[in-house]
Amino acid sequence: MNHNNSTFDEHEVLHELKHFLPAQSPLKDFIHHNTLHAFQNLKFHDALRRASEILGYKVTLSLDEFRSLYQEKRIREDVLNRVIAKWQGAEKVEEWKEKVLFKKFESPALPRIGSLRSNWKRHYQIDLDSMVHPLLFRILCSFMDQGISIWNFPVANTGFLNSLMEMEKSSFTSFFKTKRARTLLLQNPDIASLLKIVVGDESVYKQYLFDQQFAHQGWAGIVSTVEDVPQTLLDRKQITIKELVIFELLLEIDALDLQFGPNWSPLGSSMTNKPVDLFDAVPVTELQEAISIWQETFEWSYYDEVLAGLQKKTEFKPIANKTFQSIFCIDDRECSLRRYLEKIDPSCETYGTPGFFTVEFYFQPEDGKFYTKLCPWPVTPKYLIKEVGSTSKREKDLHLSKQSHGLFRGWLISQTLGFWAALRLFINIFRPAMGPATASSFKHMDKFSKLTIENHDPNDRENDLQVGFNIEEMANRAEALLKSIGLIKDFAPVVYLIGHGSSSVNNPHYAAYDCGACSGRAGSVNSRVMCHFINHPEVRKILAQRGVPIPAETQFVGGLHDTTRDEVVFFDESSLSSVNAGHHKRNEAIIEQALDLNAKERSRRFVSVNTHNDPVSIHEAIRIRSVSLFEPRPELNHATNALCIVGRRSLTKRLFLDRRSFMNSYDYAIDPEGKLLLGIVRPLGPVCGGINLEYFFSRVDNQKLGAGTKLPHNVMGLFGVANGIDGDLRPGLPSQMIEVHDPIRLMIIIEHRPDVVLKVIQLQPETYEWFINEWVHLVVIHPETHELFHFHDGMFTPYQTLQKEIEHISDITPVLETHEDNLPVYEIA
Amino acid sequence: MTFLLQFFILLPILGFAISLIIPDKKEDLLSWGAFTTVGLHLLAATVFVVYWLLQGHETLNLKDIVIYQTTDYSFFIDFYFDKITMVYLMVGAILTFLVTIYSRYYMHREGGYKRFFNTILFFYIGYNIAIFSGNLETLFIGWEILGISSFLLIAFYRDRYLPVKNAVKVFSIYRIGDVGLILAMWMSHHLWHENITFLKLTNYELVSEHLQGHTVIGVFISLMILLSAAAKSAQLPFSSWLPRAMEGPTPSSAIFYGSLSVHLGVFLLLRTYPFWEHQLSVRIVIIVLGLLTSLITTFIARVQSSVKSQIAYASISQIGLIFIEVAAGFEKLALFHFAGNAFLRTYQLLVSPSVVSYLIREQFYNFVPRVKTIEDSLPKKIEYTFYMLALKEWNLDSLMYRYLWNPLKWVGRRLDFLTLERVIYFGIPAYLVGLFIVYNQDLVSPEIERYLPYLFSLIALFMVLKAFTERRQARMSWLLVVMNHFWIALAISFNEHFSFSDVHLYLSGVAVAGVLGFECLRWLKKQEGNIDLDQFHGHSYKHSKVAFVFLIACLGVSGFPITPTFVGEDLIFTHIHEDQPWLALIVSLSFIIDGLSIIRVYARVFLGPHVKSIYEMAYRSS
């Protein structure tokens, strides 16, 4: 075949296609990311406009939704005026206000994706997708299956198409219904030659492939991910998007042959007029401008009051005798727990940092056949930590095993275990409890096991990973952690490092509930490992030399906060000195009390729990809720997240931020040049921004960018969910996770001087892209003057808040008990 | 205590009626209503059963209401209670009770919360009517309610394409089962000359006396019952509908397709066992069918890579075994097996989302790169062949299309010359001529008159075939469906001593519902413009009230037990003689397609992704 004059470059087109497809990993590795990552090279509003018209996504709330938010006063009029003045000019405020509030706009044009392939139905009266998809999905799912089927795909380890060929070659039946497609498959065809048969017109090949793959973006996306990151499936499968395209084209030929016989003219020859090219410029419409104005107004209606709250200066007296210090994950869910700790025990201090605690490694639980990555997803660790001496047993559950699906065993099991199932269901409904089916953060690592943290011999390696860390490596990481959060002196006797995880049952998206900085796992191992580092006498010596002198009596204790159940477990408490053990006992009681109050605060969003009850009984209800089979919302995760504050605790300590803020501790005073700041700012985009945008887009278009309601979900091959048995995979978040989320971008607020921050964010282009293209908002608050500077178009300009004062509330509890919705920022101290 | 039986039907009807008037937003009231209804039902059932067992568990029979009576025809509701009813009652009440509580929390904030509980209670009415039924007619009422509530539950997410498509698919299989039952009723009228009760069937002398000399009729009735049971219980060749029914919220899939609905075929067999017990050939057919189903679906279950389809096929294979147990005469074992299988599959479906964390953990700790299965010992070529066949579900899904629906569509498309005008300008005069002949039967020779029923019923069939394949006008399709009934009535009028009342009874419901439906479509067309049948329009998105009214009209026209047409349908069949199998075939075929055309109009116009809100709808494939 001669492609010399070809305008169709297969490699390039597939590369571009992969770039646009959803990049979601299998369920067990759920990593939050910007759903519209393919458009991130554009400014936010331009990107949204293009994504919407090209791919048919709904990218913001609708005009009606915005208008009703305005009616409810949740979008502020003064902010609207200011936004219009900024975007359209001060003289056009009245004109545009009229438009955004009252004008009736024409509904947007049909999306471009799919318009080419819709010609099959228009000119051939054939519903190609419904003839091709069911079998295609079924074969893909069976090929990639991780352990649902009992009888696996019979040919493996040879790649997708090779396996199919092998089976077609020696079989009495065929996947195809007609001859030609089967013959073509055995000739190992390339994409261009098949497109010539199906489409004919080379100028639309690319568009055809986009149409074809975006007709099932879920399956195409998972194939693309598995191609790029094969280790994301424990049972590895070799499959590429190219193979998928070839097989799908063959199935299309098969379907067309079946319908029309071997002689039909390709799609290109029947087209009367060519559809608009997918990637042609998308003109700006007035409606989109109005929507952009609304979006900005919605965002600033909230930001403005937050900034007003932050701007007010309060001096806190230094704490004389610190009872304990506790370092939590940056996660927005820890926001309220920290507040309660400080309230109950004003002599304690809390900090926030990404929950892998600056130590990156693979973890192998005892008897585990695989390694688990415990650090942010883009990092590739060189270390291995192994668990030894675990005593916990994994419970089995015959109801979940596959044995009941056989003919004879099924006969026995259904007449025995079947009745047991009725009882189990009964108990589960009336007295929910932890069981083998529960995904629990505490199962991640056995509390009483030992970890191979220290490396004594550089040759102690497994699979090219060093087992444990040496002293120097430990010290480097400990130093990085403590300096980045500004904890270099005035240590309390006990310092906690508390990671987080979650528990849920009947929840395929369980990994999305765990710590994002630990690649969707619980942070228990990391906290334990880092505590071991810092408690190590040799490490302390080095730390002291580097300006972090830790008193000998200070001890670090690891822990894990289960954000669903609001429980904390601690690790290696036996190594505490007797004095510190006494402190710890006292602290535990305080933490328990704070957890009760935290549970109460969370319960205001749960209809099944009465928020007026006392904290202890609410906490019990929340624990039961976490193991209830019928509870699709064990917790609300990152829903409502909107802020990320990088700075000292004094900035936020007196504010009620309603669990909406990521909080990273940082002290500008020990980092005047911003050298440590880069390390902090770099992951904020991909991690916090990623979480925020995933919630944003799953919220605004729960059908196409989210997973829809989870109630009918069916687990496919253990790596994805679909509706029913022959649907497309549903990437993104289910509606139960996002329904209370307000789709606004993340506002990052950094406490430092604007010139330092500007320098830091410009150091790396991929970091800068997040800010310059406004996928996150950035405001800098000057540490001394508390002046605010907003980053826009590459520079910082002073920002004056419209709201001057925020309300002061002495006790937040009555407000919590009477409101389910998002609360404004209050001053509470 | 016999009179108590009817209260087991009335209670869910009352609960359902109340649930209809509770406003949408009152989640608490809705779920408490359902909870109270089913809870009381469970309580009453438990007390009743204990008392009944203590009283010596005698079989109970209650001839309840005579709905229609002529000299040689009586349509009456009859209730019956024996140990089969007892087991089905207890299993059904327990599972529905548990699932109601489960759904109370599970469905929280879901759009359609009310619709869900309405449909659950509606289903529960149908289930109880079916299991308490004392004759085929009563059973059929329950059967029809189950069919329509299944359709509504599968299409619960009515704004997506696949649930709607699969709901129509499942409905079409159910319709085949319905007609099996209608034909069985038709023939048994001729066999018994009455609406035989199940109680009388247990009288061995009576049954064998009647079957003597009517072997063929006996076998025919049994086979029709088997057809109906096989369709309902997803036995071959209908199996592929069951996994496709798993489109609704998980608890509804669990209770209906995991347990209750799918075991009603077994119930039908158990209930009619005394009738075919002595027909050895029938018992062999059932055993062979059960065995084939068990074997084939076990293989299909083994290759399933999605958790719900795996459970569905595993359940079908167990039901195949239950069929064998029933046919072999192990009634108690079958009942025990039914209960165990129903509980097990319900629980498995309810916890099915848990498999991800559970099996991934298992895999993490116990991974073996390639597990050898029994099939690996087969020669490669055999292994591959079996695997591919199992993966393609032995083509069961496409089989239905290829051999049943496609030929019908082919015929329908030959009728494209029928336009709205032609249907009216030709149809109405022709009908009047027919009507004239009815009144003046002496004008035509008896020779010709004998063929007239066939001619008119064929016209009726063509009407409905055209309605089924009409790609454009919804109103035209609707009109044809309504006219189909009139033609059938005309055809039957020639068959026997003409009885006005019978025909009026039959047509009264059709006429009212027909006008109502036509008005809905006319109004909608005026509002929305295009409502052509070549695509789904999803108008329930904006016009849910009209959709509801139209649904009622659909039920009326399709002879659902809310109008007299339902009794009339049964009556019409009694006028077809036992030596007119072709007429029976034509009429029953037109009943099948009639139901399908109606549901097709409803689905295409009101369900599916809303065409005018593309940016808010899911992709078609999801």
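How are helix 8 of chain A and helix 13 of chain A oriented to each other? I will come to that after some housekeeping.

This is a predicted model, in which local features need pLDDT of at least 70, side-chain atom pairs count only at pLDDT 80 or more, and totals for chains, interfaces and linings use all residues. Residues are numbered from 1 along each chain as its sequence is written, while chains are lettered from A and ligands numbered from 1 in the order in which they are written.

Now the helices. Helices (H or I, at least four residues) and strands (E, at least two) are DSSP runs, numbered from the N terminus. Helix 8, residues 160-169, and helix 13, residues 241-260, both of chain A, pack at an angle of about 40° with their axes 9 Å apart. Axes here are lines fitted to C-alpha atoms, for helices over the stretch in contact, and angles run from 0 to 180 degrees between N-to-C directions. Angles under 35 degrees count as roughly parallel, over 145 as roughly antiparallel, 65 to 115 as roughly perpendicular, and the rest as oblique. Helix 8 and helix 13 of chain A are therefore oblique to each other.

Which residues meet there? On the helix 8 side of chain A they are Phe160(A), Leu161(A) and Leu164(A), and on the helix 13 side Glu243(A), Ile246(A) and Phe247(A). Contact means that the C-beta atoms, placed from the backbone, lie within 7 Å. By class, this contact has five nonpolar, no polar and one charged residues. Ala, Val, Leu, Ile, Met, Phe, Trp, Tyr, Cys and Pro count as nonpolar, Asp, Glu, Lys and Arg as charged, and the others, Gly among them, as polar.

In the loop between helix 13 and helix 14 of chain A is Gly261(A). Gly261(A) is exposed, because 9 other C-beta atoms lie within 10 Å. The cut-offs are 20 or more such atoms within 10 Å for buried, 12 or fewer for exposed, and partly exposed in between, with C-beta atoms placed from the backbone.

Next, a sheet. Six strands of chain A form an open sheet in the order 14-12-17-18-19-20, with mixed pairing. Two strands pair if DSSP finds at least two bridges between them. Strand 14 and strand 20 of chain A are the edges, each pairing on one side only. Inside this sheet, strands 18 and 19 of chain A pair in the antiparallel sense over three bridges, and Val780(A) stands opposite Phe789(A). Helix 23 of chain A packs on the sheet, touching strands 12, 14 and 17 of chain A.

There is also a hairpin. Strands 15 and 16 of chain A form it with three residues between them, and Gly717(A) in the turn has a positive phi of about 55°. These two strands pair in the antiparallel sense over four bridges. From strand 16 of chain A, Gly720(A) and Ala722(A) point one way, Val721(A) and Asn723(A) the other, and all are buried. In a regular strand the side chains alternate between the two faces of the sheet.

Last, the two chains together. 93 residues of chain A are in contact with 84 residues of chain B. Helix 17 of chain A gives the most to the chain A side, with 15 residues. That side divides into 44 nonpolar, 33 polar and 16 charged residues.

Terms used. Contact = placed C-beta atoms within 7 Å.
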